[in-house]
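Reader: Could you walk me through this structure, one question at a time?
Author: Gladly, let's look at it together.

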Amino acid sequence: MKTKAGRLSKTTKNDLITYAMVILAYIVMQLLVSTGHVSSLIQGLLVPFCTYAIVAIALNLTVGILGELSLGHAGFMCVGAFSSAVFSLAFKDAIPSGLRFFIALLIGAVAAALVGFLVGIPVLRLRGDYLAIVTLAFGEIIKNIINALYLGVDANGIHFTMKDALSLNMEEDGVVLIKGAQGVTGTPNDSNFTVGVILVLITLFIVLNFIRSRTGRAVMSIRDNRIAAESVGINVTKYKLIAFTISASLAGVAGVLYAHNLSSLTALPKNFGYNMSILILVFVVLGGIGNIRGSVIAAVLLTLLPEVLRVLSDYRMLIYAIVLIAMMIFNWSPNAIFFRKRVKQRLTAGRKSGKEA
Amino acid sequence: MALLEVKNLGISFGGLRAVNEFNISVEKGQLYGLIGPNGAGKTTVFNLLTGVYQPDEGAILLDGVNLTGKKTIEICKAGVARTFQNIRLFGDMPVLDNVKVGLHNHYPYSTLEGILRLPRYHKVEKEMNEKAMELLKVFGLEDYADYQAENLPYGQQRKLEIARAMATDPKLLLLDEPAAGMNPNETKELMDTIRFVRDHFDMTILLIEHDMKLVSGICERLTVLNFGEVLAQGDTQDVLNNPEVITAYLGS
């Protein structure tokens, strides 16, 4: 029974370290900001740090825990962003900002979960590369639909069209909420660094507890061996859908945070295209597949890096690429892993002998 | 009445008749062996019994309940557990969690209760841990509880697979070549384990095996398959001395 207690406290300890790391980073950042040591450039990055950390954790749930490669998470982020931005804009003056952002979060999460669920039903029948290709396509479809969508509200209710603003046929007092390719403008700026960090912590709480629960074990058993999981009575379709829906929903939350940090929200390829999906995947792979804490660290570092390297102008992307390769080797090369183990052993051995002496 | 009754089971893959008119009747508490040369259709029979394949004809009855055409999950819930010829563990998960996945359907709590860690999560997880440790102890794996399953020695992996199958609380245990790839010492240990499982859990076991020492050592009854058909059936010693069986194995 000793071993069991040891194991439990080990995972719990690991989780607590992750929470502590986020809280510590928050406190340090706040202190630096209040003493004026942080440039406005970095201050502008504080909310994106949280956004990307959340979406990286969400994608890690699909890639690392469920074991399926999704290239469409920017699409779920997009759904969360636009559904919540429309809500916040429509109720800009009706609801106080705190409550409004809370409802917007719920709307974004539920909308993304719903889309994730609907996409998941056909997509999760596929495996490996095929699943990646289809999710990639779904992400693009979602982005393109929103790019062409016009949505407005007037006394008669909600109008929408895929043509142009005039074909909405609205009364004079009507308000256009989504203006096609121009997106949503005038979303209240409800998010800030504190809210973002709280959301990161909530996301961590949901995902880490999910992994340590009965459902999480079922999901990981499917990842490790689908046939064996079925043979012990695990409902493969059900658990795949649960994991994928939660993952999509959390990506939606990241989208809400993203939308409420900008006054004008557009569905450009840069924001919500496949480039973004692949960038999120880069966070997950470099942070370690299945390693939730790693995703947070990688998301923050790799968001910060291109901005810090801006001073190098033309050489920026070159150095960014070299850093990516170096991180990949450090994390995944067998030689590097062996080297890290040896260093760790030597350090702990040194500590032990130090105690004895 | 027998625990497992299989009547006239048959399946074809394209033009190949993989299993034809397969009949077997396993009594409760029996240790039953299914043997035959390579490609005789033994594993196909297991896949039919566990719903991996659907039979073209015939019926499978477990304790009087018709399992024909049911899905793998339903068959597992009805009380059939199995191991695989090539070991299929949840390699990246700890040994303890492998068994806990086997306990999955017997210790329910919802996903939300798990995420929010409501009281039922703590209560059920504690019960699960205790039950899983108990099972690991039975198989002598309690010291390995924290190990990643894929890091276990080969013989222990086999044991863990049996432990995981037993966690589903089955009425019938199917073992597909449990001694494959084992040295004589490991095989001997495995024979003791299988016998122990039968006696300790009062389990009914149907096993596929090539190792004749294991088969003649622990099986009480045998069915011999050859080219998808039953060649001989009966008490172990009678079957093994049957000239037709010897011919099928060694050639004439």
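Reader: In the hairpin that strand 1 and strand 2 of chain B form, which residue in the turn has a positive phi?
Author: Do keep in mind that this is a predicted model. Strand 1 of chain B pairs with strand 2 (residues 16-26) in the antiparallel sense, over seven bridges. Two residues lie between these strands in the hairpin, and the one in the turn with a positive phi, about 60 degrees, is Gly14(B).

Reader: Which residue of strand 4 of chain B is the bridge partner of Gly10(B)?
Author: Strand 1 (residues 4-13) of chain B is also joined to strand 4 (residues 57-62), and the two run antiparallel with five bridges. Within strand 4 of chain B, the partner of Gly10(B) is Glu57(B).

Reader: How far apart do the C-alpha centres of domain 1 and domain 2 of chain B lie?
Author: The assignment for chain B gives domain 1 as 4-79 + 170-250 and domain 2 as 88-154. Four residues of domain 1 are in contact with four residues of domain 2. As for the C-alpha centres of these two domains of chain B, the distance between them is 29 Å.

Reader: Which element of chain A gives the most to the side that touches chain B?
Author: The contact takes 25 residues from chain A and 32 residues from chain B. On the chain A side, the elements that give two or more residues are helix 1 (2-34), helix 6 (193-211), helix 7 (214-224) and helix 8 (226-231). With seven residues, the one that gives the most is helix 7 of chain A.

Note on methods: Residues numbered from 1 in each chain as written. Chains lettered and ligands numbered in written order. Predicted model: local features only at pLDDT ≥ 70, side-chain atom pairs only at ≥ 80, totals over all residues. Contact = placed C-beta atoms within 7 Å. Helix = DSSP H or I, 4+ residues; strand = E, 2+ residues; numbered from the N terminus. Pairing = 2+ DSSP bridges. Domains from an automatic or database assignment.
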